[in-house]
Structure formats: C-alpha cells, structure tokens
Amino acid sequence: MNINRMLETLPVMAKGMAGVFAVTLVIIFSMLLLNQLGGGARRTGKRGAPDGADARTKDGDRAGP
C-alpha cells in the first residue's frame with residue numbers, strides 16, 4: 001500500500017464529505033422553513049383525534065372497540 005497515494009486522495013475525500021454535510025444542512029433548513037411557512041404537521045392523539053380532544057360519543061362511551 002502506497003501511503004503517499006493515500007495522502008493525496010484525502011483532500012478529495014474531505015471535499016466529498018463537506019459536500020454531503022452541506023447538502024444535509026440545506027435539506028434540514030429547507031424543512032424547517034417549510035414547516036414555519038406551512039404551519040407544520042398537526043399532531044393527533046389516539047384514533048386521529050386532535051390532542052386534547054376526547055374521542056367519546058354523545059352518550060359518553062368511548063368510540064371504537
């Protein structure tokens with residue numbers, strides 16, 4: 001194994017890793033921006049009811065099985 005050849009390739013590898021890191025950051029910040037502009041995903045509780053909402057019927061019984 002030629003150590004000098006390996007050392008010559010390190011800058012190319014570093015540029016590739018930096019590119020992957022940069023693209024990952026762009027994707028993360030794009031998602032954060034889109035969530036801010038679009039209001040984000042709505043969280044739901046059990047059985048699709050919004051958080052804090054109770055999934056009971058008119059009679060007071062739980063809906064579903």
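**View 1. The start of helix α1 in the predicted model.** A side-chain oxygen of Asn2 comes to within 3.2 Å of the backbone nitrogen of Asn4 at the start of α1, a polar contact (N or O atoms within 3.5 Å, one able to donate a hydrogen and the other to accept it). This is a predicted model in which local features need pLDDT of at least 70 and side-chain atom pairs count only at pLDDT 80 or more, whereas totals for chains, interfaces and linings use all residues. Residues are numbered from 1 along each chain, and side-chain values use heavy atoms, with hydrogens and water left out.

**View 2. The course and end of helix α1.** The 36 residues of α1, residues 3-38, should span 52 Å at 1.5 Å a residue, and this agrees with its end C-alpha atoms, which are 52 Å apart; the expected span is 1.5 Å times one less than the number of residues. At Leu10 the helix bends by about 30°, and Pro11 follows within four residues. After α1 comes Gly39, with a positive phi near 90°.

**View 3. Met6 in helix α1.** Met6 lies in α1 and counts as partly exposed because its relative accessibility is 36%, where partly exposed falls between buried (under 20%) and exposed (over 50%), with a 1.4 Å probe and protein chains only. Buried residues make up 2% of the 65 residues in the protein.

Methods:
Helices (H or I, at least four residues) and strands (E, at least two) are DSSP runs, numbered from the N terminus. The bend at a residue is the angle between axes fitted to the seven residues ending there and the seven starting there.
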